[in-house]
Amino acid sequence: MSGPGKLAPKLCDDFLNFDPNKTLPTARLLVDHSPPVGEGQYLSYKIGSCRHEYTTKHTQSILPPLDSRPDATTTYKLSVVCKKCRLHAVVVTDYARSTDPCPNSGNPQHHFRNLPDEGGSSATQIAYAWQCSASQCQAQLQITYRTPRLTDGDRDLLTNTERLKRRFDAVVEHNPSRDGLRQATPMEALSRLRKYIHDSLNPTHNRRAFPADNKRFMETFGVHGKECLPLLQRLGFKYDEADTGFEWSLPNPEVINNRLTVDVNDERELLEDVEFELAALMFRIAIDTGAMNPSASEGWSDAKHDLERTLAAQGYPRYAPLRRVAPPNDLLPYFASLGALPDFADTLIEFAFDRQLDCDPERQSYYFECLQEIAKNRASEQLQTRVAMLHSQDMVSRRDVSAAFRHLDIPLRLPHEKPITDEYILDCFQARQANSSAAVAEGNRDALYKIGISRHSQPLISASKQSVETYEEALAWLGQSANKDMPDDMLLAIAATKQESASDKEIARKAISTIARERKSEPLNNWLLTGSSSGFEMTVEEAMQHITGTATTNLSAIDATILGIQIDSARSDRPGEHTEKAIRTIQKAMAHSPATWPVGLVSHGNTCYLNSLLQYYFGMKAYRDIILNYDQYKLDLHDATVKEHRVGGTQISTTEIKSGQRFARDLRELFQRMIKTRDSSVMPSKDLVCRAFLAPERYSELASDAIDDDVMPNGAEEHADTKISDVTAPIAETPDPDSASKEERRASVASSATLQADDDAPMLDHGDRPPTPPASPTLKALPGKESSHSAPPLPPRRRATLQEMEKAEDKALKEAEEEAKKQQDVTEVHDSATQRLRAGMKALGVDDKTEEQVDALRVLYTVAVTDAVLRTDGTREKPSVSMHPGIQLNVPMEDTDIYSALDEVFDLQPSEREQGQEAFKSIRTLPPIVQVCIPRIAYENGQTSKFTKTVKLEDELYLDRYLENSDIFASREACWTLRRRLRNMRRERRVLRDADVAPDLDVPGVMSEAAAHLESLSGIDAEVVDIGLGSGLEIGPDLASDMKSAAERHSQRVVVLTKEIDSLHSELKSKCETAYRNLKTSKYRLAAVFFHRGGHGGGHYWLDIHDFTNNIWRRYNDETVQELPDNRIHEILEAKTYDHGTPTYVVYVEDSQKEELVQPVCRDPEPAPEPVQWENESARPAPFNTVDPKMITEGGRASWDSPRSVAETAW
């Protein structure tokens, strides 16, 4: 049994406030627990419930003796009845399982937990059960409620004055001559029946019969009592029509010996209950009418003290300041969550917290939040000390956990009630870590640690502490889908990307060491010892010799089926690491040849989106050719130092021209490496990454610029019209003498000068321009002599020291790195990169309207879009034309498809140019490459959110319907009307369905809940008046019913809208298919899709590219490039789950040119170097950084030799 509980005083208080007649089955104050604050409605006294005034039925109760402790033979019973609603309740505490009952030294109070399987209900009663959570107590508690014995009909029968008058008239008519007859009052009717019942319960009362024509009896019950015959007989009265006369006999119940085992329908208990109910009715009539109550002297004693004794809840220590100031209402739910009362002393609050923690550890973080809030409100030294101590023990509150989830951008709830698993949390954490600075990464680990503590998850805790002690922890730390089946070389490639700092390098080594120890892996051990896994790599020839007995490298000539049999045989006959290494070598060689498979790009830790973009540029042949042959396209600064035309709508400076050309050169170098390398992946240079994010004027601070500027051929730097200015240092600084040797070494390689234009002064480390000496005074020439100078020459400026240059470079790299971490939108990076490349290119022409440069890059993707205003009379204005680098869709708020999303862009909508008019867009010219941006980030309800709705893509996209074509205008116009209706209905449904105040409720649900709450307030006026707080609330009498009716209407409207939307969507789809069936000239094929997984604050990007030549899709995920099998293509076309990611940028290519435009495989690997042949083996130099294989054998104890010098050898 597990779950929260309540201390006995809290349960006693809930008992007094609980009314089973006014409670929903799902929100029972006595039994249930309030949901955590902010996650549901706090359970409290329900307005309109009875404010019980219980009194003890002593004859039915077995109360605890004073100053007596219970033992295993003890059972207490308390029977009570309410004066107002006549509800009966029985409280039974059984100590049969107890060895040391509460309260005791370790447990000052019972802590009762509900036993839902032990309760039960029937038409007239309901029972609940609890058990004390203390292991040595385990007291069983049962509370049973019973409905009143007297029904509303019985009460009306006895107290309705009209009925009493009819009985009186009948008696007078039956015996008109009888003296002293008078009509009975309601009070008299109740009092006389109670007197009969009281006599019947008295065993010593001997007179057990009376005449049926008793005058007072007939005044109350009618002639011979026949009008009340059913009631009287139900109570045990007997009517006898004997020869001696009509007679009534009193009930004669047997004496009960054991009240613990008595049946609920026992006659004596029935009469006792009715006696109390009659007394309660008499008190009510006395209050309502002012009539004298004959039983007033008996009183109605309060049962609260007896209840506390029965539950052992009396005399608990109380919080003294509460006698003066009541706690705020917003604090009450926190007390209730701990199963405590606001007047508990600090020691009892701590005890309640400890018991909840032991019994319900899953809510540990929330209970800690409750303790924090109570300690904060009370400003109690004892509680605040306890909170601080728990903090030091790494306990976290729910508020901390929620903040941790938000920090990692993990939703607290997943759609469709999908559980949030540890694996899901780790995936989100690792995706965010890959795009974080050191400080942010530390914050991420702290957030993960808090989540791990709250979930009691050792894997999460270990990952947050970067623990790599176990095999599983080491794989989890590496992340990026590292698993037990991943080859060693892949693990090493991942480890290489996670070594940004010295601490990361050390952890990476520990992780690889743990994995190597588990796998008994020679390559991993060799990597740990030498830093290289190549020391004991097996060649394909050696592997084939070991497996097949034939040394060959021609794997294409080998039958795969036969090879599989040979592999199985080798594993059976020669098991071991050597055999497994041979098998892995063959499988790796057969997987992909370097000449036939694309190269992956290793991430710098936060540049997955840049890697995806670079792969896109490389995979699109037209882009790649422009980069590789950029010298043919770049602007020659011999001819012009200023660009006349705009690029991207802006005027381009000389600095931007040169920075674009330098950026293109870095790209070209990367592409050449991707073509020539024999490896499966390469890492983009840090300079390239920096140039993607640094402002152009900061390029001069990169070391590569300082070194390369003097030696780069055919560049803008060698032009005579470009001035050279040295990198200067502040005049006040003095070069460090210790750095002289470094400066000399640097100067021997290249000049430290940086070529810049006149307006491009270098930035110092503090961001200011270097000081400019004051102008020299103008000198007059001597008589008879011409002055060749108007001023003496300026003294040469001191060159920057190596330390100053390195400092400026480090600052530039750091700022670029921070910018890279802030940039998460691949579209933004794409636009920036394209802008820089075009800035350095020469113009092939100019757009006369916009003065925009036309170049080789722009013609690949620019879409000409017209915008025509459609007036109310049906006429169209002459459209304006604008050029766009692609088509940008709207943020998808609902699941949609690519055609519907494009329709929203090109449909009739309010004009952006003329207010009050409508306009529509069309495509005038299409480029060979159409780029479609699918934005996912939007600002809604006061916060920025990422929308992950599905956008279904089409492999074949026909854009004819959006072209500027008068022949299809009528069809477009017909579809506009339907789509406008469809959008309006969807918008209405979204408004009715999406409730921001309650994620788990729609709008009708919220209104229904509000209506139910208003209904619960129906009795609040009387309650407020009773306690003297005024005349009550001013709530319209029909407000609750109106809201409930509105909720029902809204709910029905949502159902109707859904049906109409489905019908209209089918109609629109049919109409479009008919109208556009033959419009299939402008056919485009899906070529590339950028995917993002994560939230708006971070995540991970990858790219899928369709290789039309080989008819396969490949996924480019940083350094990994893998084929996507046919059964997973749906992940691209219709990404639905978190694992699929969300498409953010889609590229279509013209169908007839698809194989020319998209060529992702472009490899020409360099041949492997030939081994050196030594004529004399003794002349071979000593190996560098190699280790005896015996030294890395698992369990080996060989030690390193002392350091030795390697003799100089002539090469």
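Reader: Phe618 and Phe671: buried or exposed?
Author: Both Phe618 and Phe671 are buried (under 20% relative accessible area; over 50% would be exposed, in between partly exposed, with a 1.4 Å probe and protein chains only). This is a predicted model, where local features need pLDDT of at least 70 and side-chain atom pairs pLDDT 80 or more, while totals for chains, interfaces and linings use all residues. Residues count from 1 along each chain as its sequence is written, and side-chain values use heavy atoms, without hydrogens or water.

Reader: How many aromatic pairs does the structure hold?
Author: There are 28. Take Tyr316 and Phe344, with centres 5.1 Å apart and planes at 70°. Ring centres within 6.5 Å make a pair of Phe, Tyr or Trp (six-membered ring), and planes over 60 degrees apart make it edge-to-face (under 30 is stacked, the rest tilted). Tyr316 sits in the loop between α8 and α9, Phe344 in the loop between α9 and α10, 28 residues apart.

Reader: What makes Tyr316 buried?
Author: Its relative accessible area is 8%, so Tyr316 falls under the cut-off. Phe344, at 0%, is buried too.

Reader: Why is the Phe618 and Phe671 pair called edge-to-face?
Author: Because their planes stand at 80°, with ring centres 5.2 Å apart. Phe618 is in helix α24 and Phe671 in helix α27, so the pair ties together parts 53 residues apart in sequence.

Reader: Which residue lies over the face of Phe618?
Author: Arg624, at 5.0 Å from the ring centre. The test wants Lys NZ or Arg CZ within 6 Å of the centre and within 35 degrees of the ring normal. Arg1115 also lies over a face, that of Phe1091, at 5.9 Å.

Definitions and conventions:
Helix = DSSP H or I, 4+ residues; strand = E, 2+ residues; numbered from the N terminus.
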